[in-house]
Amino acid sequence: MSSTRVSDIIVTFTESKSLAARAARLIIGSERHKLSCEANGTLRATFATPIALSQKDHVRLLVSYRSWYKPHDTILLDTEALLASERQGNRRRELQITQDRVSIVFGVCPEGQPEQNTEDDPVNDPDGPPNGNLQPTTETILQICPRFRILVIGKTGVGKSTLIKRAFGLTETASAHYRSSEADIETEITSSENTLFVLHDSKGFEPGEDRNYDTAKRFILNRRSGALKDRLHAVWFCVESPRAGAHLLDPAAEDFLKSKQATLGTIPLITVCTKYDKFVNEVEMNMSDQGIEDKELTESTSSRAESIMNENYIQSIYPLAEKTLPHIAVSAEKGYENTLPKLVQLTYSMVSQWVAYETAVVSNMVQRVNPALKIQGTIDIGKKSLKLGSNWPHKADSLFLGYWMALSSSPNFAGHTVWDCLHVIHTDIVRAWNFPTPHLLSKEFRELMVKTVEDLHVPNAPNPASMLTLSGGSLVAEISAVLAALVNPADPVVIPIVAGLAIGSWAYTVYHPSKAVQQRFIAFIVDLTHVMETLFIITEGRREKVGRRAIKLAYNAYNDSAVKVWAHAQIELYCEMEGRDTALEMIERLIEPANSEDNTNYRVNFDKLALDPANLSQDEPW
């Protein structure tokens, strides 16, 4: 029997009840596909791999409404009528059918188009929450602010393309079209490699040329208000670090900063001084010409360059803005790996202060240079309490406690199985790290992490007094040593707990806040966060897709490390204390981010391993 391949689905409602729809699932046989809801009530989904539809298929659409009197509806599609409805749309062929006052449109793949093997969206959960009443915190956040919107201003050659590529983890190919000479500030620049950001690119301000300046101001003023998802969330104003006494800013840039308050309002503006390495080299040469000894030169160049840069910046900016505006000096060159993490940290802090919590979370999700900030963001999401809106039936306007809060008496988990509860926690943690892979949300990886905490007993736990302080930095030292023993390009990575092996019955029992259950929840959060941190360290700076091989390497590196042994030994000693959330305190202590020095130096340890990016992107079986 012949079939028609479809690439996407769009569902609209012919009645005003469209705004009551909040989510839907398309079910074709045993396959399930999640549809997202837009602000106007339209439901849509794009399929990673085209779906073949035939008359024998049973196709259902399950719609969830915000209405309390009709929370769900099932629409059984007439597949014969649907396939017979193929027609030419505005720009493509479509299948369109209207049933129960609901219009359903499928996009038809052109004949001869090869089957796609596109990765699923790593942000959306292909498995979906097993119980609709437990919604990941990140899902609510992404409904409010689905993407971080940033404007980057700077002249041609200032280094914007490199900055974007490094900060957001894009490949050369994906960032090739970020050319200021071709910039149209109104164009929304997005990337399939990192779907959570929208870039607007502005040409720099040239002396005597007012058009770019006026265009940028008009764009910013138009984006200051409106729905949070449409507003401008931050501006990076890129200027090249000055040389040999040259002015930091030209007249047009000075005019822009003079009008900063009137133009931007509360939109965070950060001046990014690019190519800082060249500035430091010039400072070093000047110091060498002054006869400073090599040893003293090495020790003092960095601090001297920083002092000169700050002095230059303050002298240039203060007369314009009557205060010191935030600035960061950055370089993409080797030896300056700590500069971009500082930029995204400053951006996160300013967006938190001046825009919205949800936007700050997404700004952290989108960055791919600062693992310590990722850990802090993971904690923030786990602790975040939200006031529930109309998209949570029967619970509107009530307060939802963060899933990590009060594990001993969490009202969120009442009546749900342990698997359901761990499912939403897993989704939130994985989304916080935003890796370019669907495998971290797969059923196989979920089961692997659940099986990891089935038995917490540690027969030969190390004495913490004899070990380094096991947080962030020591994890780097530990897993770099373990990885060196694990990596063999010719061999597949074998995980000690076979994915697909049935997990224990405890995971399917109804959640009860016993000590044993609390310990497993603590271990699950700690273990998954450290595996994410390990995966980040292995893959950061490489920007290729993350395959199952890299995930298995990260899992084994943490699973075989003393860090896990020590963490589980601490969790075995866990006990509740009246008046304190001891479970949350233990989680935060065990996943505490690396200090700044460790965060600066961790890349050096892993570069020595020379992990092959091609191997890390391999999708070998679990």
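1. Start with Arg 25. In this predicted model, Arg 25 stands opposite Leu 62 in β5. The two strands involved are β2, residues 21-28, and β5, residues 59-65. They run antiparallel, and seven bridges join them.

2. Strand β8 covers residues 93-99, and two bridges join β7 to β8. The two run antiparallel. Here Gln 88 stands opposite Arg 93 in β8.

3. Move on from β8 to β9. Strand β9 spans residues 102-108 and pairs with β8 over six bridges. The sense is again antiparallel. Gln 99 stands opposite Val 102 in β9. β8 and β9 form a hairpin with two residues between the strands. Asp 100, in that hairpin, takes a positive phi near 50°.

4. Two further backbone angles deserve a check. Lys 275 has phi near 55°, a positive value in a residue other than glycine. Its place is the loop between β14 (269-274) and α8 (276-289). Is Lys 275 buried or partly exposed? The relative accessible area of Lys 275 is 24%, so the residue counts as partly exposed; the cut-off for buried is under 20%.

5. Now Asn 434. Phi is near 55° for Asn 434 as well, positive although the residue is not glycine. Asn 434 is found in the loop between α13 and α14 (443-452). Its relative accessible area is 3%. Asn 434 is therefore buried.

6. α13 (residues 418-433) packs with α2 (residues 137-144). Their axes are 8 Å apart and the angle is about 50°. That angle makes α2 oblique to α13, because 35 degrees is the limit for roughly parallel and 65 to 115 counts as roughly perpendicular. From α2, the contact is made by Thr 137, Thr 138 and Glu 139. From α13, it is made by Thr 427, Asp 428 and Arg 431. What classes of residue meet here? The contact of α2 with α13 has three polar and three charged residues, and no nonpolar ones.

7. α14 meets helix α16, residues 515-539. The axes come within 9 Å and cross at roughly 125°. This makes α14 oblique to α16, since the roughly perpendicular range ends at 115 and roughly antiparallel needs over 145. Which hand does the crossing of α14 and α16 have? The crossing is right-handed.

8. The residues at that crossing are as follows. α14 contributes Phe 445, Met 449, Val 450 and Thr 452. α16 contributes Phe 524, Asp 527, Leu 528, Val 531 and Met 532. By class, the contact of α14 with α16 has seven nonpolar residues, one polar and one charged.

Terms used: Residues are numbered from 1 along each chain as its sequence is written. This is a predicted model: local features need pLDDT of at least 70, side-chain atom pairs count only at pLDDT 80 or more; totals for chains, interfaces and linings use all residues. Side-chain values use heavy atoms; hydrogens and water are left out. Two strands pair if DSSP finds at least two bridges between them. Helices (H or I, at least four residues) and strands (E, at least two) are DSSP runs, numbered from the N terminus. Axes are lines fitted to C-alpha atoms, for helices over the stretch in contact, and angles run from 0 to 180 degrees between N-to-C directions. Contact means heavy atoms within 4.5 Å. Ala, Val, Leu, Ile, Met, Phe, Trp, Tyr, Cys and Pro count as nonpolar, Asp, Glu, Lys and Arg as charged, and the others, Gly among them, as polar. Buried means under 20% relative accessible area, exposed over 50%, partly exposed in between (1.4 Å probe, protein chains only). A crossing is left-handed if the near helix is turned anticlockwise from the far one by less than a right angle, and right-handed if clockwise.
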